[in-house]
Amino acid sequence: MKAVVMAGGEGTRLRPLTSNQPKPMVPIVGKPCMEHIIDLLRRHEMDEVVVTLAFMPQAIRTYFGDGDALGVDIDYSVEEQPLGTAGSVRLAQGVLDETFLVISGDALCDVDLGSLVEAHRAKGAAVTIGLKSVDNPLEFGIVVTDEDGRVERFLEKPSWGQVFSDTINTGIYVLEPEVLRHVPDDRPYDFSKELFPLLLEMGRPIYGHVLDGYWQDIGNLDQFRQANFDALDGHVQLDVPGLRLRGNVWVSEEVDIDQLEPVDGPAFIGPNWVLSQGVIVREGARVTRSVIDVGTYLGRSAVVEGAILGRGCDLRDHVRVHEGVAVGDQVTIGAEASIFPGVRVYPFKEIETGAQIHENIVWETRAATSPFGRDGVTGLVNVDLTPETVVRLAAALGTSLRRGDRVVASRDSADACRMVQRALIAGLTSTGVHVADLRISPAAVTRHVLKTQAMQAGVHVGRSSTDPEVIQVRVFEWPGNQMTAGLQKEVEKHFGRQELRRATFAEVGETAYPARVRESYAQDILDVLDVAAIRERRFRVAIDYGHSPAAFTLPLVLGPLGVEAIGARGTYADDVAS
C-alpha cells in the first residue's frame, strides 16, 4: 500500500525551532520526527511514500532524498500555494490509483497501521479515520461513532461544554482514491473540517478505528519536549540512534564522554556534543529535563533546566537557562548570562556576557548587557527599540529617581519618535514620576527646561545623525548634562533585574504640558546677545531644517535679530498640533 506523508507544516507554535526548518524536521531523540514516521511505514511494509511539501521543501528533499537510505521509495509533491490538508493530497492524486494511507510527518506515534488498514477493508469504507482516546480533547477534532464504528458526527476543537467524546482524530487516514474527486482544486480544502463532513452528508461510508499504541501531536514546545522524554522513557517504540546505557539514558555511538555516572535520565547524548572533561562532576554543570540538539557546547557550571537548545549553540561558563526557555540554532550565550523562564531566542543571535534576558529575542541580532551605548540608547524602531523595551527602560529610570520627581520629555517630529516618547512617558509615570511633555522640541530646549525649572532628569527622542531610521534616546541630569555614570549604572541594574517600582492608582505620575517653553528658551538666548549689533548686519541665511524641531525654535531667535532666513524641509503641517 502507498502512503502519503503530509509534511507541509510551518510550525509557528514551535518557533524558534522552526524558524529555519520545517516542522517535520524537528529532532526527536536525534532524528527528525518525520524520519520516525518513515521508519513506522517501512515496518508496516509501506515502502512507496509520497511526501507533500509546502514550507521550506528543499530542507526535507535534501535530507531524505529518494528514500533509498531508509529502505523506501519517496516521491514529492510541492504546493505552490496553500491548499489545506485535503488539497495537498489531491495534488498528488496522479500517483494514488489505489487504496492509500495518509499520515502526518510531525506527529510522533508507534500505532498499528496494519490494523487500521484491515478495519478499512473489512468495513468496505470510503474513509477510515484513526482515532485515539485522550485526556484533554480540546485541541483536537472529536469524532463520534456508533457501535459498529461508523462515524455519526464531527466537531473541530470544541470547548469543554461541547465535549461529548474523548476519541479524537489523529490525522491518520485510509482513503479510497475516488474521494479526492470531491476536493476542489481552486482553494484550500481540509479533510476534517470540509471533506469528511461533506462525505458524511452524502451518506458515504466513513468509519473510525481506535488505535492502540502511542500518539503525540507535536504542536508546541511543551509537547515537543514531552515527546522526547516519552521516547527516552520507552513509552513509544522508536529506533533511537544510539546505545541504551541504563534505564532512560541513551548515548549516541559517536559520543566520547569520560564520565556518565552523573547523567540523570531521561537523557540522550547526541553526536557532536561538547562536554569538557570532568565539567559535570568538577565544575557543577547541570542539565535536567532538557532537549539539546547536536553540536552544542556547554561551559563550566552552566545550568540548563527544562529548556530546549537548538543545533550548534554555544553556552559559556556559568550560563543559566531556566524552565520553558527555547533557544534556536547557533545562538551564542556569553558567560554568566541568564535566560529567564519562558523566553524564546531565535536562531543566530548573540547574547552578551552577563546579560539578563526577560523578553523574547526575535529581531535583534545581539542582546546586550546594557541598553546604553556611547550616544545613549539607540536602535531600529520595533526591532531594537520595541514599545515593551522602551517602557521597561523608562520604568528603570523612574525607579532610579525618587517618587514625585519631575522629568521633562521631548521628541523629534517623526511618528516613530512620537511612539517611543509615549512609551517613555507611560513607563516613567508608572513609577510615580511626574512628566513635563514638551512634545516636538529640540534637545536644547529640554535641557534648558531641566535647568530653569529645577527638574531631576530629561529625555529626548530623536533620529540618529548617522542613520535616519535609527532612533536615539538621550537622558540628561540637572543642570542639563548628559546622564552620569552613576545614574546609568543604577538604571542598568533595574533594567536588567526588572526590579521596577510600581505606583498605586493614586500615586501614578502626572503628565503636564508646559506653555511657551520655546519662547522662554529663545528669550534667554537673546538676553545674552548684542541684538542691535546683529540687526545692523542684516544677515541673510538659508537653513535646511531636515524636518527637525529646530524649525519651531530657531525662527524665534532669528526674527528679533533681524535675520532674513529662507528655510527648507521644516516640520510637517500636522506636527504643529501634536
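This is a predicted model: local features need pLDDT of at least 70, side-chain atom pairs count only at pLDDT 80 or more; totals for chains, interfaces and linings use all residues.

Me: Why is the contact between Lys 31 and Asp 39 called a salt bridge?

Reply: The term requires a side-chain nitrogen of Lys or Arg within 4 Å of a carboxyl oxygen of Asp or Glu. For Lys 31 and Asp 39 the N to O distance is 2.6 Å, so the pair qualifies. Side chains of opposite charge can pair when their charged atoms come close. The structure holds 16 salt bridges.

Me: Are Lys 31 and Asp 39 buried or exposed?

Reply: Both Lys 31 and Asp 39 are buried. Buried means under 20% relative accessible area, exposed over 50%, and partly exposed in between, with a 1.4 Å probe and protein chains only.

Me: How do you know that the salt bridge of Arg 403 and Glu 507 links distant parts of the chain?

Reply: The side chains of Arg 403 and Glu 507 meet at 3.3 Å, N to O. The two residues are 104 residues apart: Arg 403 is in the loop between helix H8 (387-400) and S33, and Glu 507 is in the loop between helix H11 (485-497) and strand S38 (511-512). Helices (H or I, at least four residues) and strands (E, at least two) are DSSP runs numbered from the N terminus. Arg 403 is partly exposed because its relative accessibility is 41%; Glu 507 is partly exposed because its value is 34%.

Me: Why is Ser 192 called buried?

Reply: Ser 192 has a relative accessible area of 11%, so it falls in the buried class. Ser 192 is found in helix H5 (residues 191-202).

Me: What makes the approach of Ser 192 to Asp 190 a polar contact?

Reply: The side chains of Ser 192 and Asp 190 are in polar contact at 3.0 Å. A polar contact is a pair of N or O atoms within 3.5 Å; within protein, one must be able to donate a hydrogen and the other to accept it, and residues adjacent in sequence count only if both atoms are side-chain atoms.

Me: How do you know that Arg 411 is buried, and what does its side chain contact?

Reply: Arg 411 has a relative accessible area of 2%, which means that it counts as buried. Arg 411 lies in strand S33 (residues 406-411), and its side chain makes a polar contact of 3.4 Å with the side chain of Gln 421. The C-alpha atoms of Arg 411 and Pro 442 are 7.1 Å apart, although 31 residues separate them along the chain.

Me: Why is Ser 441 called buried?

Reply: Its relative accessible area is 0%, so Ser 441 is buried. Ser 441 sits in the loop between strand S34 (434-440) and helix H10 (443-452).

Definitions and conventions
Residues are numbered from 1 along each chain as its sequence is written. Side-chain values use heavy atoms; hydrogens and water are left out.
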